[in-house]
Amino acid sequence: MEVCGVRRSRSVRMAEEAILGYLEKNEEITDSGEFAAERGIDHNDVVNVIKSLHGFRYVDAQDIKRETWVLTNEGKTYSTVGSPEVQLFLAIPPEGISKEDLQKKLDPSLFKIACAQAAKNKWVDMGKQLISRKVQHVDDKVKDLLIQIQQGRNIGSDEIKALKARKLIVPQTWKGYSLKKGPNYAPKRKQVVTDLTRENFQSGEWKDLEFKEYNYTAKGQPLEGGNLHPLLKVRSQLKQIFLCMGFEEMPTNNFVESSFWNFDALFQPQQHPARDSHDTFFLETPSTTKELPEDYVARVKQVHESGGYESRGYAYDWKREEANKNLLRTHTTAVSSRMLYQLAKKPFAPKKYFSIDRVFRNEAVDRTHLAEFHQIEGLVCDRGLTLSDLIGVLHDFFSRLGMTKLKFKPAYNPYTEPSMEIFSYHEGFKKWVEVGNSGMFRPEMLQPMGLPEDVQVIAWGLSLERPTMILYGIDNIRDLFGHKVDLGLIKKNPICRLGID
């Protein structure tokens, strides 16, 4: 490797001496390619020297571009051993040969091409029993043309077209330079010094040294550091919106939850389809929970089986073993149920809670669905709340996201009544798009917790992924979240501003 480096350095030095020496006695080098060929110097070395000399203004260089043709690997083979059709012709004896025997003489990859070209040239008679020559001598024009191209000679356009159709040649752009003396021209390059040393002062040679100019506008090496994911940027902005509205963040660090807090405490019946294994990820180990508040469990069982609080319940045999099953939480409302239960154990005080965290659903993955995603949830707990309060809070919240046109559609949720789907008019799409779900928690959910009868809870939720995809112009959720994400997106995505008031 060291020997190669020395040879390379010598070749570059020869190229520089040749260029500067030639320009000392001549006005111009018209073609760097011809210049290199005449002196037996590698053109790549000449080009590298020209770029360096041009940078220091020893020479002024102008680009030269020429379209040339070069042989493909197949073309190079034929220029050496001959074209397939000539190989086939030479393999046929004067008395003829059977197709099977002829195939044995030629490479299988060449036989079909050779037969087609030889028949086209009317060199052979492709009989059913025997293949024989029609002429006694042929010239390998294809080989001759390929050799001419290798030698840099020009051939006719029809020949070029024929060789190109057979994929024996491909176009190539040749790049070179023409040169003239630059404003700093000298027959020999001066050694440019980058540092002024103590020895330079002591010897006095600093007077004759030429110093390299400093480029104060040059950019330094980009620093490699961490980058925030678009979801984290949007999440941060949403968190600020909630905090500005006076909300308190709920702890959402438990991905594993029991069916009791995820479903039963929310007055969701045990035969509900969402509780099937094809919709929910159940844990194998540990498969069940051992810690549930027994008095609260009894009240939840009662309201499911027999009703209460002006409700008839679901009239079924509620099973504790179903409630004990562990799962990956399907919504952050499981956290809300825990927080409301803890709130009910103290003297009542109004609260506003929010959470933004990951949830899991056993869903088929496509461009709009993943098996794990992020849910945004907000709730307000106070006395005397109504549906009008919910609509007002939603207008306030979504306006801070830049969504001022809202409308609502009645919906059904097991744990909210009334329930509403939230739609916003998207100016870019020119249509109404669903942005979330909302409702008022049912008495069957709140009163078994121990909350006062006149306390209501209004709540709403939406995904984090949908607004992020709209903000960043992403139409496939797998390009935003998961193992297929382009790291370039993470490094170059812009900051997020949601128009906080």
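## Basis of the description

Because the model is predicted, local features are given where pLDDT is at least 70 and side-chain atom pairs where pLDDT is 80 or more, while totals for chains, interfaces and linings use all residues. Residues are numbered from 1 along each chain as its sequence is written, and side-chain values use heavy atoms, with hydrogens and water left out.

Helices (H or I, at least four residues) and strands (E, at least two) are DSSP runs numbered from the N terminus, and two strands are said to pair if DSSP finds at least two bridges between them.

## The seven-stranded sheet

An open sheet of 7 strands runs in the order S8-S11-S12-S16-S15-S14-S13, and its pairing is mixed. The edges are held by strand S8 (248-249) and strand S13 (406-413), each of which has a single partner strand, so one side of each is left without a neighbour in the sheet. In general, strands of a sheet pair through backbone hydrogen bonds, either parallel or antiparallel.

S11 in turn runs antiparallel to S12, to which 10 bridges join it, and here Val 359 is found opposite Phe 373 of S12. Of the 10 residues of S11, 7 are buried, which leaves the strand mostly covered; buried means under 20% relative accessible area, exposed over 50%, and partly exposed in between, using a 1.4 Å probe and protein chains only.

Strand S5 (residues 169-181) runs antiparallel to strand S1 (residues 28-29), the two being joined by 2 bridges, and Glu 28 stands opposite Lys 180 of S5. Strand S2 (residues 59-71) is also antiparallel to S5, with 13 bridges between them, and in this pairing Thr 68 faces Gln 172 of S5.

## A crossing of two helices

Helix H5 (residues 84-91) and helix H7 (residues 108-120) have axes that come within 8 Å and cross at roughly 85°. That makes H5 roughly perpendicular to H7, since angles under 35 degrees count as roughly parallel, over 145 as roughly antiparallel, 65 to 115 as roughly perpendicular and the rest as oblique.

From H5, Pro 84, Glu 85, Gln 87 and Leu 88 take part in the contact, and they meet residues of H7 including Leu 110, Phe 111 and Ile 113. The residues of this contact divide into 8 nonpolar, 2 polar and 1 charged, where Ala, Val, Leu, Ile, Met, Phe, Trp, Tyr, Cys and Pro count as nonpolar, Asp, Glu, Lys and Arg as charged, and the others, Gly among them, as polar.

## Salt bridges

The whole structure holds 17 salt bridges, each being a side-chain nitrogen of Lys or Arg within 4 Å of a carboxyl oxygen of Asp or Glu. In one of them, Glu 257 and Arg 338 have their closest N and O atoms 2.9 Å apart; the pair links distant parts of the chain, with Glu 257 in strand S9 (residues 256-258) and Arg 338 in helix H15, 81 residues apart. Glu 257 is buried, with a relative accessible area of 4%, whereas Arg 338, at 33% relative accessibility, is partly exposed.

Another salt bridge joins Glu 305 to Lys 301, with the closest N and O atoms 2.9 Å apart, and both residues lie in helix H13 (residues 294-305), 4 residues apart, about one turn of the helix. The side chains of Arg 400 and Asp 396 also meet in a salt bridge (3.0 Å, N to O), in which Arg 400 is buried at 14% relative accessibility and Asp 396 is partly exposed at 31%.

## A loop residue

Lys 134 is placed in the loop between strand S4 (131-133) and helix H8 (141-150). Leaving aside residues up to four places away in sequence, Lys 134 touches Lys 122, Trp 123, Val 124 and Asp 125.

Technical notes
Axes fitted to C-alpha atoms, helices over the stretch in contact; angles between N-to-C directions. Contact = heavy atoms within 4.5 Å.
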